[in-house]
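Here is a friendly first look at a protein structure for you to explore. Take a moment with the sequence and the 3D view before reading on.

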Amino acid sequence: MLRPLLPCDSTSAAKMRLFASPFSNNYTIAIVPSSAGHSHVLDMGLKLSKQASSSSGLRIFSQGRDKHRTPSVYGRGARERVLEEKEASLMSETSPSFKIFPGQASPLGVSEVDKGINFAIFSQHATSVTLCLSLPQRGVHERLVGNVIELALDPHVNKTGDIWHICIEDLPRSNVLYGYRVDGPQNWNQGHRFDSNIILVDPYAKLVEGRRYFGDASLKLSKFLGTYDFDSSLFDWGDNYKLPNIPEKDLVIYEMNVRAFTADKSSGLDPKIRGSYLGVIEKIPHLLELGVNAVELLPVFEFDEFEFQRRPNPRDHMINTWGYSTINFFAPMSRYASGGGGPCNASREFKEMVKALHGAGIEVILDVVYNHTNEADDQNPYTTSFRGIDNKVYYMLDPNSGQLLNFSGCGNTLNCNHPVVMELILDSLRHWVTEYHVDGFRFDLASVLCRGTDGTPLSAPPVIRAIAKEPILSRCKIISEPWDCGGLYLVGKFPNWDRWAEWNGKYRDDMRRFIKGDSGMKGSFATRVAGSADLYSANKRKPCHSINFVIAHDGFTLYDLVSYNFKHNDANGEGGNDGSNDNFSWNCGFEGETDDPSIKALRSRQMKNFHLALMISQGTPMMLMGDEYGHTRYGNNNSYGHDTSINNFQWGFAS
């Protein structure tokens, strides 16, 4: 880690000030002590604010800040210029200084350019944008310490179209934390949700720093900020490395959760790598023994596992272990790094995992969530990025009230077919293919991506077409979950451009009903086993475009499907109101655990029937992690919030 920009201890907050000296189209800032008793905004728009940590986690504040700052910090008057000239004489030759340039609008995010480090962020409706920088102290990861430099961007100099940008020379090439304060119109009914008190994560941040250890309750209120790394050498994929390039018709998919796969001590792994990307590598022999040749990873984009615990609510005892609550679409989940290694190690170890899986002939498909984010609803918002940067662009809104539309069931719906949001999605997908070499994507609640900016279903959604036609994605498997929480059910009708495969929900339901003994299901069973021609025979669609599954991460496990007639979700805290009621399950004569040998034998036979039917069916089979040994969640069919044996693979039963 680099030294802090200015020395300070955790109990004192010495006041500092930036000196700005403009010349031509750039200027230099240097840090000097100030006798003034408050943070000070210079008329060049530069600000150094003191930041202090607290026991409740990451908390950033600036002294003397109004709740709604004026959109401009220019023209403060001659008195301040006189003060600046006096302070210039106090500067030490050893004081750190940065040379500032207007910067460039492309690419978005952070990039290294000839003149230094460039920052660029989109916001159409913002009236002011301030870049916030922090250089953490050596060895301290969990809190922002030292000083936060705030640079208010001049819309006449640091803005091109709707892109705000700035370039800084001599800024460290790694270990810098950054975010943005964004201000703008306060008209709620027009869809704006600006709040300049919050430092926001850059939507294009390639790495995100937060707490270092998954489920560390001492830091449950941690702040998330972007970071970057231009110091590390390029990852060595190896001279003999090659992509598996498995034909779609030959795929056998294993749906799994990175953390849950090895988090349990029964994995026998070193505690430092349990629940990590490296842990997956250690268990590749198990995957090969199963005969699968593709893993579909539950979300690995940065998310906050403590999102349910930020306020009192019926779910505030739970930890989000599935990860369907994205903070950023480019950064790998940092707490899946081994030993609390942080975002840079997470990036490298993710690549090591992909390389090892590819070396074993196993493809990597990511479960991606572009239908909503972690920022929740207007009643209990969790503003970390998009909402505060430009809510009106990034989310679908009711055109009459400006309120968030909710087709995701999670409080907000990403405005996927807005040109800016569509490009964000495409840039994210390209990044995961070029930087991390992943082989495909499964799109959660993909019917949301088929809605226009007002929520109206589209027959030819631009973002769906763009993904299908994108050259960099041409080798990738693209799989939709063809429904959403607004009732747009598109199984067999998803707009596909002859490329999109689908989770076949009708296959799941028909197979369950037939094998449990429902009457009148013979014809449907035969149709599903034969490749669902009623759904996948038009145009150039083939049976492999049907992702056949009986079990997935949400719903009953295979064991629970034959052991419970009803869901048992009391542990979730919502009085059993969450989770699906339509499970088409049969408990084989007794609800839950039993010692009756005849019932246990029947359950074992039924599980084998389900798995055999899945594997002989035409189409692409997908099985769930843990079903190979009969994992139980004790009837919980919505176990997203349990970082326990309910979700964790139990290796003692897998041998």
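This is a predicted model: local features need pLDDT of at least 70, side-chain atom pairs count only at pLDDT 80 or more; totals for chains, interfaces and linings use all residues.

Residues are numbered from 1 along each chain as its sequence is written, and side-chain values use heavy atoms, with hydrogens and water left out.

**Salt bridges**

- A search of the whole structure finds 32 salt bridges (a side-chain nitrogen of Lys or Arg within 4 Å of a carboxyl oxygen of Asp or Glu).
- One of them joins the side chains of Glu150 and Arg181, at 2.9 Å from N to O. This pair links distant parts of the chain, since Glu150 sits in strand E8 (residues 147–152) and Arg181 in strand E11 (residues 174–183), 31 residues apart. Helices (H or I, at least four residues) and strands (E, at least two) are DSSP runs, numbered from the N terminus.
- Glu150 is buried, with a relative accessible area of 1%, and Arg181 is buried at 1% relative accessibility. Buried means under 20% relative accessible area, exposed over 50%, and partly exposed in between, using a 1.4 Å probe and protein chains only.
- Another salt bridge brings together the side chains of Glu305 and Arg211, at 3.1 Å from N to O. Glu305 lies in the loop between E15 and helix H5 (342–359) and Arg211 in the loop between strands E12 (207–209) and E13 (225–229), so the pair ties together parts that are 94 residues apart in sequence.
- Glu305 is buried because its relative accessible area is 0%, and Arg211 is buried with a value of 0%.
- Arg211 and Glu305 also belong to a network of salt bridges, together with Glu302, Asp304, Arg310 and Arg335.
- Arg528 and Asp534 meet through their side chains in a salt bridge of 2.9 Å, N to O. Arg528 is buried, with a relative accessible area of 5%.

- E14 runs parallel to strand E15 (residues 294–297), and four bridges join them; two strands pair if DSSP finds at least two bridges between them. Tyr254 has Val295 as its bridge partner in E15.
- E14 also runs parallel to strand E21 (residues 620–624), with three bridges. Here Glu255 stands opposite Leu624.

**Arg603**

- Arg603 is found in helix H12 (residues 597–616), and its side chain reaches the backbone oxygen of Phe590 at 2.5 Å.
- Not counting residues up to four places away in sequence, Arg603 touches several residues, including Tyr559, Asn587 and Thr594, where contact means heavy atoms within 4.5 Å.

**Cysteines**

- A search of the whole structure finds zero disulfides (pairs of cysteine sulfur atoms within 2.5 Å).
- Cys167 counts as buried at 3% relative accessibility, and Cys476 is buried with a relative accessible area of 5%.

Terms used
A polar contact is a pair of N or O atoms within 3.5 Å; within protein, one must be able to donate a hydrogen and the other to accept it, and residues adjacent in sequence count only if both atoms are side-chain atoms.
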